[in-house]
Every structure is written in structure tokens, then in C-alpha cells.
Amino acid sequence: MTAGDGYRYLLNSVVAGDGDRDAASVLTRYYLESGTPPGTWIGSGIAGLSDDILPGGAVSEEQLRRLMGYGQNPTTEEQLGRPYRKFATASDRVQRRLTRLPENLTPAALSTQTALIEAEEASKPTGAPVAGFDLTFSVPKSVSTLWAVADGGTQTLIAQAHHAAIQDVLELLERDVAMTRVGVKGPRGAVAQTDVRGVIAAAYDHYDSRSSDPQLHTHVVVANRVQGARDGKWRTLDSRALHTAVTGLSEHYNAVLSDHLAAILGVGWEARDRGTGRSTAWEITGVPQSLMNEFSSRTRGIEQVKDRLVAEYVAKHGRQPSSKLLWQFRQRATLETRPPKQNHSLSDLTTAWRERATRVLGEDAPTWASALVVGSVREPLLRADDIPLDDLRTVAESVVAQVGDRRATWKRWNLHAEAVRQTMGLRFASATDRDLITGQIVDAAEKASLRLTPPELASSPPIFQQHDGQSVFRPKASTVFSSERVLAAEDRLLAASESRMAPTVPLAWIEHAARSKSAAGLVLSVDQEQAIAKIGISGRTLDVLVGPAGTGNTTCRV
């Protein structure tokens, strides 16, 4: 989120007034209002603000403007650290360059140079200071489906589980992710990563998707202002650490949410395949896929556009796109099918959802939801000491193998995300139990991996150590790992690239093919022809053609 007016999108659907985010209050106080509840303050870093800001308290527009717009204390307007940096606009940059032009230019030359400068600066992005980071917590589709049609009491319990899971993830973020940096950057300086006194965040609950389908989710906007644990000074959050941990935090949310719902409602969970290019989803047992599909009109629209893009690619290139391209097509389809956001009351939404669900189910939707909850077979809730250590080591080996299939190198948070995925079939009695088991698996996975980052050659004085004894000059969870299996695969690739036992193609054939039009009417350029010729006559078992996007790599393959 950028500074200035970047925060305003959070307020577009908020009901005017104050309140708290307690689930019961949400379903009574704002049930008939058109819009969503006001935001609320969360995070341990709130303690460093004025006494008027309390966890769970409502976030006013003025408070959000001060914190996210200007980096100020929400109530006192005291500057929290340095003011946000101001970036020169394209117009400012143009004027600065024009003043450096020679004074003896003719009017025609000056006009030409001005046009060139304006075009160059217009093509450059204008920097903007970062005021915060929007972490969106969205429950699985089966949870949104059950929540949408259930009675008020069940809706309240589901919302409470959702909020409890968010709090669990926030605590993990504050403990293992939230850091700040101090020191001087450059060849003669060093940047130390140090602990903070928690984070300051504003949480905004939303009920539906842009297609008015049920989608219970919460925007948790973490302010880019944290207080140093040692000196109490306000600085910015180390965003690199946050970006590295995002996938692990997302997986952790899904896991602890399933634990909370299993404990509160007694519902079971099952893995469901979502098709090619998509990861396995864990959904509530007994929620039919047909009902979830009914409430997934946004997804259907995205998939239709994605399928069209895939068909166009296959028609042009004669093969299926890679998994990376599939992801890019889905992202493009998401943007193309994005409808404008509309505000509805939860009362109207719930009425419509229940009517739609009743048609799909062939029975009264709230009655069906109550029967599902009552008839669920409660899964055993495990404690950390219920799982044998040998089982944890086995899971750790599987974690390393799975991560190694997708990445050449990895870090702790990559292992953490996979460890959570591997244990999603288990239900834990508390977030602490799951956290302990996940930590033990990740520790074992690190030991089973091949460490590439060299160890510290000298110990740091206590003043330059983290609480775990690591140097503040080595970022947390930054050690890079690989495996002997991955390195062996690289050795095989290198050996293939050095072997010249492969068949070759006569240069005349290559020249003829390059100068002939393809089925799509394309002809290779001189550079492309030279690249293909070098590969065709090299005799290498493995050859590599590398080029920037847009330079015709795909055309060369065709």
C-alpha cells in the first residue's frame, strides 16, 4: 500500500460508525447495513502508540489517514520515524533534464530534445513510498459456503474461528518474521536486522466476492512502521523478510483455521483435487462440490477466459503451455474478468445465498447446514507429544523431496510451507501444538538438506546477536539450502551440455527453414537464424537458448 491516499480503498465499503470486530457484533449490528464493518486495531505494536488506541478498537478514517497516509501516530499526529520519502514526478524529472540542456540549441533541436525527454520519462514508473502491506486472509470455499447458509449461531462460530486463525498467524509473524534494519548501506557499512516490539495492523472484514458470492475474508493491513525492541525508535518493517514468508504464513492460516473449526464445530476435512496447474485444496467434509461451484461464479469466469487463452496458445504454438504460463494466463484472466465492487447488506446477501443453495441442494439450506454440523464425525485433536519423532523425520524427508521437485534452492520458509501442507490431514488441539510439530519438521528438513550458505566464521559480540545467538548482520531464515539430488541433476545437465555426441543438422537446411514462412506466417530474423544455426551444428546433447522476453524465444522453438 502506497502512502498518501493509498489507504482509501479500505474504506470504500465500510459502514459509517464505530464498533468492534467481534463476530456476534458483526452479525447483529451491521446485519441490515449496506457495507462491511469498520476496521479494528490488532498487533502487539499498538502498545507503543497512545492509550487511545487499543487492540480490538475501531479504526477511524482520520486515524487510518494519519498512520497509512503520513506515517504518524493515529491520535497524536507525532511522526513515527522519518517522514515518507517524496519521489519526483515525471514532470519534475522532465524539467530537471531540460535545465541541463545546452543553452545554444536551436528551437527545432530544443523541441526535438524535449519530445524525447518527455517520452523517456513518461515510460518510467514513478516511485511511491510504501505505507503498509495488505495481507488478505480468505477462508476456503467450503467454509464460505457453510457460513453463507448456516444459522446465525453457526455463522458466529465460523467467524470466530476465522479471527482466531488470523490472530495465530499474526503472532507467528511477530515472532519469526517482523524485523527492522539499522546501519549504513554501502561497501564500508553494514545493515543489521533487529527485533521489533510487534506490528501495528488494521483488520477489515468482508463478506462477499466481486460477484456477490460468499467469500468471508479479512484484509489485514500491516503498517510499515515498527518500534525497535532495543532502542524504541520507529523504523520501517523489513519487507524482504515479509515477502519471503508470505506463502508459509498463508499455509499456516489454512491449517490453524481447520484446527479451530474442527474444535468449535467438529467438522471433518478432506483433500480435493483442483485440476492441472492448481494445488490440492482442503475442504470441509460433506459440503458438496456442486454447491461450492454455484458460489464460484467468479472462478468460472476466470477459468473460461483462461481456457480461451490456453486454446489460443495451443493453436499458435502446437503444444500445451507450461505450468508457469498457465499461472500467468490465470492472472491475466483474473484481471480481465474483474467486475466493479458492489455494496450489499449481509441480510440481503444471506437471503439470496440461502435461496440459491436451497435450489441446488433440493432442501432447505439452513436445515442442511445444521444437519451437516450435527452429523460430522469429530476427528481426534492431537497434542505435540502424540506424534513419534521417527514419523516427524519421515515427513521431513518428504518435505525436502517435494520442495526439491519445484526449486533448485530453498530457505526455511519454503520448508515451512511444505511442512504445513504435509500435515494438513492432522487436526491439532491448539495453534501451539501445530507450531511445535511444524518447527520440529522444518528443523529436521534443514538437517536433511544440503546447506549452501557458509557458516559464520567468527562469533559476534552479545550486543550484535539476536536472542537465538545468531548475528544481527545475517538476516533471519536466510540460509540457502539445496540437496545432493538436485546437485546430481545439475551435474547430469552439465555433462549433457559438454557432450558433443548428438546428431547435427546441415547448415543449408537451417538456412532454408529459417527463411521460409511458418504456419503462422513468421520468418526468423538474422539474430534468430544465427542462434538456431549454432544449436543445430553444435553437436551438444543439451543446448540452451536464452533471451529476454519478447525477443522471439518461442518463435525459435517453433
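Helix H7 (residues 239-264) and helix H14 (residues 412-422) bring their axes within 8 Å of each other and cross at roughly 20 degrees; axes here are lines fitted to C-alpha atoms, for helices over the stretch in contact, and angles run from 0 to 180 degrees between N-to-C directions. Helices (H or I, at least four residues) and strands (E, at least two) are DSSP runs, numbered from the N terminus. With angles under 35 degrees counting as roughly parallel, H7 and H14 are therefore roughly parallel to each other. On the H7 side, the contact (heavy atoms within 4.5 Å) is made by Thr244, Ala245, Thr247, Gly248, Leu249, Glu251, His252 and Ala255. H14 puts in Trp413, His416, Ala417, Val420 and Arg421. Sorted by class, that comes to 6 nonpolar, 5 polar and 2 charged residues, where Ala, Val, Leu, Ile, Met, Phe, Trp, Tyr, Cys and Pro count as nonpolar, Asp, Glu, Lys and Arg as charged, and the others, Gly among them, as polar.

All of this comes from a predicted model, in which local features need pLDDT of at least 70 and side-chain atom pairs count only at pLDDT 80 or more, while totals for chains, interfaces and linings use all residues. Residues are numbered from 1 along each chain as its sequence is written, and side-chain values use heavy atoms, with hydrogens and water left out.

Next up is an open sheet of 4 strands in the order E1-E5-E6-E2, with antiparallel pairing; two strands pair if DSSP finds at least two bridges between them. E1 and strand E2 (132-138) sit at the edges with a single partner strand each, so one side of each lacks a neighbour in the sheet. Neighbouring strands are turned by 30 degrees against each other on average, direction ignored.

Strand E5 (residues 201-208) is mostly covered, with 8 of its 8 residues buried, meaning under 20% relative accessible area (1.4 Å probe, protein chains only). Strand E1 (residues 40-42) is joined to E5 by 3 bridges, with Thr40 partnering Ala203 and Trp41 partnering Ala202. Another 7 bridges tie E5 to strand E6 (residues 214-223), and Ala201 stands opposite Val222 in E6. E5 and E6 form a hairpin with 5 residues between them, and Ser212 in the turn has a positive phi of about 65 degrees. Helix H2 (residues 61-70) lies across E1, E2, E5 and E6, at about 55 degrees to E6, whereas helix H5 (residues 141-149) lies across E5 and E6, at about 115 degrees to E6.

How values were computed
Parallel < 35°, antiparallel > 145°, perpendicular 65-115°, else oblique. Buried < 20%, exposed > 50% of the residue type's maximum accessible area, 1.4 Å probe, protein only.
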